[in-house]
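Here are my notes on the model. Please read them with the structure open beside you.

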Amino acid sequence: MTNMSTNKSIRDFFKAKPATMEPAAPAASPAFKVPSVPATRASNIPSSNPQMAPQPSSAPKSSDQRSYTSSLSPPPSSNASERPQSQRMENVPFKSLPTNNSSEREIQNSDEEDDSDDSLEDLSTILAARFPNSASRPKTSGDKATPSTPAAPRYNTRTNNFHVSPLPVLSKTKFDLKSLASHAQDDEAAEITSKRYKAMLEEPDIEEDDEHSPDPAKRGKFNHSALLESVVAGGGDGGAHRVARAIQRTEATVTEQRWYFFETGASQSKPEQKKFPVASVPPIWKDVLVDPRMRQQTFVVGFAEDMVTMGQELPDELFLWMLDEVSVEARDPLRTSYLNVMRQSHEQIQRLITIDTIWSMFLRLGASPKANLLEVIKPVNKLKDPYPRRDWANLLSIIKFFSQVAKLLDEKSRRFLIFMFLKMSLDKVVSENVDIHDSVQDAIARLCHYIIDWKETCIMVCENLFQSTTSAPLRLQIIESISSISPRTHDLRRRLATCFFHNTNITTYASQPGYHSTNLHEIMATLHTSRFQIKPQRDDHPGTDYHELRALIYLLDAAIDDGLSSERDLSDKLQEEMHNDDVEEFSRQLDWIGSKIQTGGAAFFTRLDTKEALTLVQQRAVAMLRTKAKPKNEWYNGGEEKEKRVESFGREKKGMASFLKKEPAK
């Protein structure tokens, strides 16, 4: 207890005990690894021998030195007096040994601060001095280098050795001003050349008769065949011929053919408005019709229409003046008022609206002077803008007017209007304008409905249209402009398609309804003609015109319709089987024609369209023309055995039914 009560310094607890034995030799086991102790701390450890205690340095201490000096834990080491003299000189600075490792190099004066640690000894030098045995022993495989933080240089002096490319070094700029200017000039020259060739192609091609024509305008037409020769003139001998053959093998030069009912481009002449017939106005109408402003107000508010409805008819001169005005009047309310007044004049419509009057109205609308002639139509290349800034409001109003007064017109006027509307449908402006197309179909349907002599009308219309057209695509446009809603328009559509498809005996097919004239044997005979033969393309022959063939296939589809004919009674089983056999033969013939067409890729799009048309018509014929579904081939179940099983099943069914009917015995 006395010993415990004695106060001692805590430093005495950490003093080392005096050694009583000689220091033992180091064992063969791996050397003791000394922890990395900073040199400042090793120099400030208190020693038991006051003579060996280091003297305090008068140099200023860094922050790290001050932190290590304040430590109160001396290192657990042996007696300092027993150590050799080389081991007791701890504060003697040693220069670091030169090494080849670049990571251990020191950069002198790398820091410019006052509290630099450049005066401190390297840790590896201190450890080597204090523990010479561990430094001089050979390293084993289990030893590892003491980790240390390499001194990073202020500037990275490492050089990257890239592989040198064998290719020449390109300049930093891709284009210079000189090359850009030359590219711009070449582009402008190519654009000018392209525009010149396009302008040449838009001009009408010279014909055989134009070369010797006395008209200089016809002789000066551009020859389209010379365009290719001018383009490839510098390509050597035969270059133009080879390029032409290569282009012809594709359909790059195929241009759409069209016919225009109205005058195109700048050739359209605006008709002049006729003066109002003031002298023909009766006294009862002078107060409201003589003054132009009062006249417009009288028609627009409906006063003139009400007066005509109550029996106050206008004079014929005023009626004809309104017919001329509706063709050129741009104001829609005034034009509609004129038409409403004329629609109430029933007697004047029957008497004054004739073929000449109707044709005069079409001329004032801008129709071509040759549009009503019974001559063969010659299609031309499609124009880019045939009707620039054309307003079709007047045409649409007149078509609707004739549709509304169809019942009041005479027979000749109805036939002429049907013919003119069908011929006007040859112009794409009808099919491309939805309002005009619907109005034309409605007008044709109403005119056909009020025709008295239907057979004579069909003969006249079919013969006139057959004489005016020879191209199958144009004839198909006529068929597509006739609706199939009403019975008469459906019959007219079928008669026209039959005439166009057979291309012979026009009067015979036009005078008979399609129900009587349809005959699958005659149709298959027409399919064997030269128009449906696939001809290869050669230098001396252009080959099959697939635009023409495609239109003929769709004409066939309209002519055959449902395939029924009055010549064959399908209630008879024998006639029904013959009809189905004819349908199968017709389908095989269409399949044979389609197999001869070599599409040759997407470049020949007309061939693809033609083959698609053949497939559609063939599928429709098999699905709709047959009276019953086509029988399927049964490869595993024979027909006779199946019939026997059906009969046996029927007998068993009857026997079971009779058994169930028997009353049970009581």
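1. Is the crossing of helix 20 and helix 22 left-handed or right-handed? The crossing is left-handed; a crossing has that hand if the near helix is turned anticlockwise from the far one by less than a right angle, and it is right-handed if clockwise. Helices here are DSSP runs of H or I with at least four residues, strands are runs of E with at least two, and both are numbered from the N terminus.

2. A word on the source: this is a predicted model, in which local features need pLDDT of at least 70 and side-chain atom pairs count only at pLDDT 80 or more, while totals for chains, interfaces and linings use all residues. Residues are numbered from 1 along each chain as its sequence is written, and side-chain values use heavy atoms, with hydrogens and water left out.

3. The protein chain has 666 residues, of which 32% are buried (under 20% relative accessible area, with a 1.4 Å probe and protein chains only). Its secondary structure consists of 32 helices and two strands. Among contacts (heavy atoms within 4.5 Å) with a separation of 6 or more, 74% join residues 24 or more positions apart.

4. Axes are lines fitted to C-alpha atoms over the stretch in contact, and angles run from 0 to 180 degrees between N-to-C directions. Helix 20 contributes Arg414, Leu417, Ile418, Phe421, Leu422 and Met424 to the contact, and helix 22 contributes Val440, Ala443, Ile444, Leu447 and Cys448. By class, 10 of these residues are nonpolar, none is polar and one is charged (Ala, Val, Leu, Ile, Met, Phe, Trp, Tyr, Cys and Pro count as nonpolar, Asp, Glu, Lys and Arg as charged, and the others, Gly among them, as polar).

5. Helix 24 (residues 472–480) is largely enclosed by the rest of the structure, because seven of its nine residues are buried. The buried residues are Ala472, Leu474, Arg475, Leu476, Gln477, Ile478 and Ile479. Their cover includes helix 20, helix 21, helix 23, helix 25 and helix 29.

6. Two of those covering helices, helix 23 and helix 25, pack at an angle of about 40° with their axes 10 Å apart. The crossing is right-handed.

Terms used:
Buried means under 20% relative accessible area, exposed over 50%, partly exposed in between (1.4 Å probe, protein chains only).
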